[in-house]
Amino acid sequence: ISNMHVPRTVLARTVLALAAAAFAVLYTTLEAPASCPHDPPESCFFSEAYAPARARFREAAALAGATLHQLNITADLTIDVAVIPANAATPPTLVHMSGTHGVEAHAGSAVQLALLKRWADAPADAPSSRGVRVVLVHAVNPHGFHCGRRWNEQGVDLNRNLLSEREFAALSEGGSERAALYDEHEWLWNMDQAWTPLFDDARFALRAVYAICLLGMGKVKRALVSGQYHAASSLFYGGSSLAPSHALLLPLLQREAAPASAGILIDVHTGLGPRGVDSLLPPLNDGAAQASHLAATHSIFGEGEGEGVLGADFLIDDPAEADSGAASSGYDLARGSTSGYLLHLGWPRGMSITQEFGTVPGPL
């Protein structure tokens, strides 16, 4: 990353434009009425459901001159990938993903539509005019987007699933810190009977308060977000093998997003961080490289090196210990995120960013 001079500058302009559009779209719609408050109405890019979002993405990709690829999860559910090439053998590349957690896809889909429309209306502003290749991956988890679920069609969390066979085998073994932590807390979120509205709502709230007061928020969050690989019928399951979404997407990205002189991968999520704020989370669990990733994120996107630096309209989150108030706190045991794509793309210089839009205030 430290050697990404010209490519990094070009990529930064592209990604900052994306971040600005993303924050504007999200912030203006957090308190928006049912009807679109913008003029023209096309400025509203949020879609109510998967099917209209996919149709709008396909149309916008065509108008922007992108090449569209469709990966079928089922006959009716697809991952759609729009590629805007650059006229170079190994161009700097931006890969942008939406809907890894299906229920969170609305924001990432809106960002992608906003950028495609901007580039269609002003081709001179498109990244390809500056020699940058862009790959937009719409609805990594189309089943989750369609059904309003975090998990995929197999009940698997795709952001804990991008692992090798050896890693799956190691993680599925009992007795690990991750498994013990999950088993200690699973009574809080794994229900053994049908949910009764109001009654179970109140019961869950009381149990959550009890667990947080007794065990501490940091420990409960760490158990929740780390994922687990030993109980397929329970929540936050990372799977035992590569899920269809990743198995289909990986060879396409190896073909369409590589080779590249440098690259940035952005995976859009919602939930974590201050409400209405665009939080950029550098890679976690990367050992000695974690500090350099954080420094590179500040160099590209913001100023300073302090924890939680607020940019013009975004926050750079600092990976921290489980008891920290940072959005990324408690994720030290999490494995199998989409940042793993970097290991397969062969970029000589590259990094991944998780982009979180804070939604409802809460302890997580």
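**View 1. Surroundings of S279 in the predicted model.** Leaving aside neighbours within four places in sequence, S279 is in contact (heavy atoms within 4.5 Å) with G273, P274, L315, T354, Q355 and E356. S279 lies in strand β6, which spans residues 278–281; strands are DSSP runs of E with at least two residues, helices are runs of H or I with at least four, and both are numbered from the N terminus. With a relative accessibility of 0%, S279 counts as buried, a class that means under 20% relative accessible area, whereas exposed means over 50% and partly exposed lies in between (1.4 Å probe, protein chains only). This is a predicted model, in which local features need pLDDT of at least 70 and side-chain atom pairs count only at pLDDT 80 or more, while totals for chains, interfaces and linings use all residues. Residues are numbered from 1 along each chain as its sequence is written, and side-chain values use heavy atoms, with hydrogens and water left out.

**View 2. Cysteines C147 and C213.** C147 counts as partly exposed because its relative accessibility is 39%, and C213 is exposed because its relative accessible area is 67%. A search of the whole structure finds zero disulfides, a disulfide being a pair of cysteine sulfur atoms within 2.5 Å.

**View 3. The protein around these sites.** The protein has 11 helices and nine strands, and 51% of its 364 residues count as buried. Among contacts in the protein with a separation of 6 or more, 76% are accounted for by residues 24 or more positions apart.
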